[in-house]
Each structure stands twice: as structure tokens, then as C-alpha cells.
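Dear colleague,

Please find below the structure that I am passing on to you.

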Amino acid sequence: FEDDWTAGEAAGEPAPFAAPDTDAGRALDAFLEALPDPWERVAGSLTHRHREVLEVGPGAGALTKRLDDHGRRLWLTDLNPRALFAARRRAPQASLAVMDAEALAFADASFDGIVAANVIDLLAHPIELIAAAGPMLRPGGRLVLTTPDPWPWAGEEQHARELVGDHGMKLITFADDLLWPRFHGDREMQLFRLQLIVAEKV
């Protein structure tokens, strides 16, 4: 999906956004400045115990860098080799695997954490990713998902709880308040509300 990246994402630097010098523009600047980094929160869903981590669909690597900052052994997987090499610029020691998110083929108990940020809603069969994650996680390992469109569990906490429970995990976090600003240049931005779920292998 690298063709969908903004220039700032591809370069690894936030693109400048110039709000107008008006009361509304200044209020927007203050709002954006006050927003916490959503990827820090996502990375923080894993603890120091989660040392070997798989990131599925790393995109341009915004989350990859934050996962790597915690000194983990990191694997990246995507169908697109160009995307993997772009993400590895943020985490040079990461291992790469060209693989379909709906057909992950790692051995059982390979990882302490599996993270897929804004991937699951793009899949034709998202349950395949969740089903594969259960066996690949070690006991106490965590599956971390974010999405702006939580259709696989209808956006409902109970549905998410049942879904991960069907695959040997328990839901420990269900949050619907992550805000992700995406800047396309000095005159355009998008603001997404993300849902975050974290499930732990039983």
C-alpha cells in the first residue's frame, strides 16, 4: 500500500500543515499539539516481557520505530517487499518475511506479541489473522490491533471478546478513543478515530 502513503510518511517525517492565522486555525493548532501520539500508546500495549514481536503490515514504519525503540527482536511481514524495506529503515535490525496477512505461516509459540495497525479492516477474511495469531503467541503473549473501521467485530466490545476468546485469547483492552491525524501537506489533513483491542494468550 505504499502508493497510499503521504509524503511525510514515506520520508519518515511529519508533513507540515499550516492552519490559517485565525481563531479557528489557532484552536486547531492547539488541538493537534495536545494530541498524544497514538503509536506510542499502541506500542505501550506490550510490556518488557514481550521481547519477540511480529508486526503485520508495517506500512511506512511509524509504529515499527516505536516498537524497535523498546529493544525488541522484531519481525516485519507484508505482501509487498518494497513496503518491508521501507519500514526496515525505521528498524534496521528487523527480520523481514513476505507473507499474506490472511495466511501467516510461522511456527506455534513463535512470538510474545503480534501487532497489526490499521490492517485488519483491509482484509477480505480478517478472522484468518486472528485465528493464526492464537497458536503463534506464547502464553501471556499479546495480539494488538487498531482499526478506523472495526467491522470484523461490529465495533462492539462483547463481539471482540467472543472473537478473540474463540481463538484462545482473552480481551484485556478495548478502547475507542485513539485519534490519528494524517497530514497530506500544508493544506490537507485527515483525522481518524481508531479502535484499539489488545488480547492476551491464555
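A residue is called buried when its relative accessible area is under 20%, exposed when it is over 50%, and partly exposed in between. Please keep in mind that this is a predicted model.

With that cut-off, Arg41 counts as partly exposed, because its relative accessibility is 37%. Asp177, at 47%, is partly exposed as well. These two residues form a salt bridge, in which the closest N and O atoms are 3.0 Å apart. Arg41 belongs to helix α3 and Asp177 to strand β6, so the pair ties together parts that are 136 residues apart in sequence.

The count of salt bridges comes to 11. Another of them joins the side chains of Glu52 and Arg138, with 3.4 Å from N to O. Since Glu52 lies in strand β1 and Arg138 in strand β5, this pair ties together parts 86 residues apart in sequence. Glu157 and Arg161 also form a salt bridge, at 2.8 Å between the closest N and O atoms; both lie in helix α7, 4 residues apart, and are therefore separated by about one helical turn.

With kind regards

Technical notes. Residues numbered from 1 in each chain as written. Predicted model: local features only at pLDDT ≥ 70, side-chain atom pairs only at ≥ 80, totals over all residues. Heavy atoms only, no water. Salt bridge = Lys/Arg side-chain N within 4 Å of Asp/Glu carboxyl O. Helix = DSSP H or I, 4+ residues; strand = E, 2+ residues; numbered from the N terminus. Buried < 20%, exposed > 50% of the residue type's maximum accessible area, 1.4 Å probe, protein only.
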